[in-house]
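Subject: Structure handover

Hello,

Here is the structure I said I would pass on.

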Amino acid sequence: MPQIELKNIRKEFSKSIVAVNDLSLTIEEGEFLVLVGPSGCGKTTTLRMIAGFEDPTRGEIFIDKEVINELEPAERNLGMVFQTHALFPHKTVAENIAFGPRMKKVEKTEIDKQIKQVAEMVKITHLLDKLPAQCSGGESQRVAVARTLITDPGAFLLDEPLSSLDAKLRREMRAEVDRLHKELKKTFIYVTHDQEEAMTLADRIVVMDGGNIRQVGSPIDIYNNPNSYFVADFFGSPSMNLIEGDIVTKGKKVVFNSSDIKLDLPKSLAKTPPGPATLGIRPEQILVNNKSGTKKKIYLVEPLGKDTLLYFETQTGNELIAVVDSNTKFKAGDTPGITFPDDQIFLFDKNGNRVSTK
Ligand SMILES: Nc1ncnc2c1ncn2[C@@H]1O[C@H](COP(=O)(O)OP(=O)(O)O)[C@@H](O)[C@H]1O
Ligand SMILES: [Mg+2]
């Protein structure tokens with residue numbers, strides 16, 4: 001099980017296309033690391049450089065402290081699973097899985113034994129004699145995983161392996177990926193644009209944007225302590241309420257001022273310099289009641305089963321949503337009071353950086 005390290009990695013496809021800017025990252029042995037970010041932020045390119053399908057323009061890649069930039073993909077002992085599973089259409093599932101070891105001239109009886117093993121691991125024993133066309137999307141993806149498993153790589157690199165599946169199947173397969181990681185105890189580097197997938201699978205999340213790393217941390221850390229507007233906005237569903245306004249001083253008080261809400265900032269944020277700022281609060285942290293707080297009119301009530309979303313009218317055009325218990329009495333047209341607890345407020349400056357609470 002290798003430790004993988006990237007040092008000042010850059011990839012330019014041309015003068016104007018910089019896919020990865022200057023990326024440094026150490027992936028620990030056995031870790032489940034997720035690279036997440038919007039489409040085009042450089043996730044696939046990063047993974048392909050680790051796998052050896054793409055040469056970095058600059059920087060070094062280490063496996064177990066040795067530079068491996070010059071090694072061919074096959075020499076790196078890494079297994080890659082792609083978004084679309086390029087299976088050979090005229091070969092059976094078993095023959096597809098056997099492809100790697102056959103290339104390496106492994107003995108037939110040994111290959112048969114290994115096929116049985118990996119097929120059991122990903123629960124496709126009943127499919128071994130079928131053709132890829134006879135398999136569903138989820139089944140094909142299991143075959144693709146089995147084909148990588150049989151090569152017994154030191155680490156697994158997975159590029160959006162579940163994104164072509166529907167929501168329910170994606171959740172099921174997500175649990176399978178998790179189980180597989182726990183069973184194999186190997187390093188997994190997993191690419192996705194789906195924040196929920198990142199949250200549920202990762203030991204550690206790397207948030208990317210425009211070829212750069214924005215934040216690295218555990219899922220809970222990223223959720224509770226986003227370092228920027230970008231990260232705050234990216235994680236959570238419904239996402240964090242973000243209200244534009246200004247920081248102003250009134251006598252001894254420091255106030256967040258917007259046409260939607262005016263708040264005396266708590267001590268922890270009292271050093272915020274005056275000027276434009278964005279206030280953030282997670283929908284589940286807003287308190288809604290009839291007794292106190294800023295009066296806001298509800299224009300939509302959306303029951304989700306377990307909880308209910310209340311949508312409030314705003315002046316700024318910013319969305320303002322609260323998550324409340326599903327047996328809420330509030331209905332569209334009501335004007336309850338809303339309160340933002342001091343310790344649940346986030347502030348971002350005009351550059352989108354988190355205002356420090358220290
Ligand atoms: N082979 C290529 N040639 C030119 N540009 C590319 C190539 N591959 C990726 N890019 C560009 O590099 C950027 C990052 O792409 P990619 O790594 O695929 O992002 P992601 O996987 O996060 O969606 C994008 O702007 C993309 O258009
Ligand atoms: Mg990609």
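This is a predicted model: local features need pLDDT of at least 70, side-chain atom pairs count only at pLDDT 80 or more; totals for chains, interfaces and linings use all residues.

Residues are numbered from 1 along each chain as its sequence is written, chains are lettered from A and ligands numbered from 1 in the order in which they are written, and side-chain values use heavy atoms, with hydrogens and water left out.

Domains

The chain is assigned domain 1 (4-232) and domain 2 (241-349); such bounds come from an automatic or database domain assignment. Between the C-alpha centres of domain 1 and domain 2 there are 40 Å. Six residues from domain 1 and six residues from domain 2 make the contact (heavy atoms within 4.5 Å).

About 630 Å² is buried between domain 1 and domain 2, and carbon and sulfur atoms give 60% of that area. Buried area here is the accessible area (1.4 Å probe) that two parts lose on being put together, summed over both. Of the area that domain 1 buries against domain 2, 77% is supplied by Tyr223, Tyr229 and Ala232, more than any other three residues. Helix H7 (219-224) and helix H8 (229-234) each bring at least two residues to the side of domain 1 that touches domain 2; helices (H or I, at least four residues) and strands (E, at least two) are DSSP runs, numbered from the N terminus.

Zero salt bridges are counted between domain 1 and domain 2, where a salt bridge is a side-chain nitrogen of Lys or Arg within 4 Å of a carboxyl oxygen of Asp or Glu. The whole structure has 18 salt bridges. One of the salt bridges pairs the side chains of aspartate 112 and lysine 108 at 2.8 Å, N to O. Both aspartate 112 and lysine 108 are in helix H3 (residues 108-121), four residues apart, about one turn of the helix.

Ligand 1

The residues around ligand 1 (a heavy atom within 4 Å) include Phe13, Ile17, Pro38, Gly42, Lys43 and Thr44. An oxygen atom of ligand 1 lies 3.1 Å from a backbone N or O atom of glycine 42. Polar side-chain atoms also lie by oxygen atoms of ligand 1: one of lysine 43 at 2.9 Å and one of threonine 44 at 2.8 Å.

Backbone

Most residues other than glycine have a negative phi, and most peptide bonds are trans. Serine 237 and proline 238 are joined by a cis peptide bond, with omega about -5°. Proline 238 sits in the loop between H8 and strand E11 (241-250). Asparagine 8, in strand E1 (residues 4-12), has a positive phi, near 50°.

Regards

Methods. A polar contact is a pair of N or O atoms within 3.5 Å; within protein, one must be able to donate a hydrogen and the other to accept it, and residues adjacent in sequence count only if both atoms are side-chain atoms.
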